Amino acid sequence: MAVVPESAADAVVVGAGPNGLVAANILADAGWRVVVLESQDTPGGAVRSDRGVHPDYVNDVFSSFYPLAVASPALAALGLERWGLRWSHAPAVLANPLPDGRCAVMHRDAERTAAGLEEFAAGDGEAYLRMVELWRRLGGDLMQALFTPFPPVLAGARLAGAVHGAGGLRLLRSLLLPVRRFAQENFTGEAAGVLLSGCALHADLTPEAPGSTAFGWLLAMIGQQLGWPVPAGGAAALTEALVARLQDRGATLRCGSRVVEVTVGGGRATGVLTADGEHLAARRAVLADVPATALYGGMVGWEELPARLREDMRRFVWDHATFKVDWALRGPIPWSAPQAALAGTVHLADGVDHLTRQAAQLATSTVPDRPFALLGQMTTADPGRSPAGTESAWAYTHLPRHIKEDAGGGGLDGRWGPAQREVMAARLEAEVERWAPGFRDLVVARRVLAPPDFEARDESLVGGALNGGTSAVHQQLVFRPVPGSGRPETPVPGLYLASSSAHPGGGVHGACGANAARAALRGRGGGLRRLLGGAASKVQRRLVADTGDAGAGAGRL
């Protein structure tokens, strides 16, 4: 067994996804010796691109548009533009064509967005601008509060003051509403409701879920203020900038190095063991950018963890599985609604009822017969992705994690052999064809990614889940990943959860990694058990106490 001397690393970061790379950069900035270990042959996690569909086309393998990245204080602080990162924008942020031939569109200019909504119903434009004004008042404090560990004391206090001035309890009621109800209360036409609801369904929320308004509003307003940009040249450009910055700080990145165990001695994390038998000591901390389900009971044995945590992890809820098709197209997508051609992201839904129907099918473990598709026009957003006059594109949809029935009658049962992949790919392409007749004739090449393919390419995407666990309210804040947490500390001193299984959850924002790095720098090595003492708020201690050892572990918008 090869041993790296203790002096070789102050910290070992497990996983080179965006959270792991952000964490490593922050630690390296503080002068720590950092080693990052990645099981895959390339870094980036779900932020990667390639020419695997066609040599002339760049396709993003997983994530593509990055509103949370450009809004993230953690990523902004790294100044990645110095390491070559450039953002590119489509002419419009988001579109949703509708059955009557009209199209709901979010433009970068709020007045232009409002004018389009006004065409659907008088007064809807003004109502939308009220939403935008509210974001201008609250957005900065909200993002700071969202991206810091729970409880966000300073940012939370500023946010509370801003909320009080913007409507207080009436505003909170609005944000906690299901997005369907919010749209009914604030808009007359269907366009605003379908845009906001579609944004909520980027996570595994439904139009009827409490709090879906907050997520839909947040994602829409970031798009309105900052756009939904893409890295020029492909998603990998974001990863390359993170890696280049990290290496300039003297840190070490090793790919193809799978960690199988976090070693524990003397009551704290002491390093990691790789699959080839190598032990790397960590003098100060181990940060795990891996799913909570892989860390607890996997890399760290249950014997090192509180008994109640095992039961809590049994209740951990994943988000939906994902099915995706990447295309190389010989020309732009021929939308029946021409405005859809302007948008980088296009939602394919008849309306809010279509989204509710999809959500109900997923809830009953049924493969939708008419899947709600999210489609990316990557050359529209970044002209260098493919030759002039062509389009690099993709579409994905959510599927049940465990399939009981196929509403489309195609016999899909989750085994995902070649025949089943083709059935589902054809169903997804039929949805695009419905809104863009002639689409199929433009396909030069394609790549199909079924749920197992996501996990094979990135082990953190368990079963094709993209967000590190459900975004529903019962697994957010102090409930993420288990009741009594909401912070990166774990029950093992010196070990920090740095993945999207930790608060604030999924999306490419780096906050989970940044929070873990800052906790390590503060030296809060007592794990979640320490949170039962002075480091936790009274509210959090009361919440934790109920879980036994688990915790040780203006008005209108």
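Tutor: Two strands pair if DSSP finds at least two bridges between them. The model here is predicted, so local features need pLDDT of at least 70 and side-chain atom pairs pLDDT 80 or more, while totals for chains, interfaces and linings use all residues. Residues are numbered from 1 along each chain as its sequence is written, and side-chain values use heavy atoms, without hydrogens and water.

Student: What makes β7 and β8 a pair?

Tutor: Five bridges join β7 (residues 92–97) to β8 in the antiparallel sense. At least two are required, so they pair. In this pairing, L94 faces M106 of β8.

Student: How many helices and strands are there, and what counts as one?

Tutor: The chain has 21 helices and 22 strands.

Student: Why are β8 and β21 said to stand at the edges?

Tutor: Look at the order of the open, seven-stranded sheet: β8-β7-β16-β18-β19-β15-β21, with mixed pairing. β8 (103–107) and β21 (443–449) each have a single partner strand, so one side of each lacks a neighbour in the sheet. Neighbouring strands are turned by 15 degrees against each other on average, direction ignored.

Student: Which strands pair with β19?

Tutor: β15 (residues 321–329) pairs with β19 over nine bridges, antiparallel. There, A321 lies opposite L399. β18 (residues 373–377) is also antiparallel to β19, with four bridges. L374 has Y396 as its bridge partner.

Student: Why is β19 called largely enclosed?

Tutor: Buried means under 20% relative accessible area (exposed is over 50%, partly exposed in between; 1.4 Å probe, protein chains only). Nine of the nine residues of β19 (residues 391–399) are buried, so the rest of the structure largely encloses this strand. E391, A393, A395, T397 and L399 point one way, S392, W394, Y396 and H398 the other, and all are buried. Across the chain, 61% of the 557 residues are buried.

Student: How do you know that α1 and α18 meet?

Tutor: Contact means heavy atoms within 4.5 Å. N19, V22, A23, I26 and L27 in α1 meet residues of α18, including A511, A514 and L521.

Student: At what angle do the axes of α1 and α18 cross?

Tutor: The axes of α1 (residues 18–29) and α18 (residues 511–522) cross at roughly 35 degrees and come within 7 Å. Axes are lines fitted to C-alpha atoms, for helices over the stretch in contact; angles run from 0 to 180 degrees between N-to-C directions.
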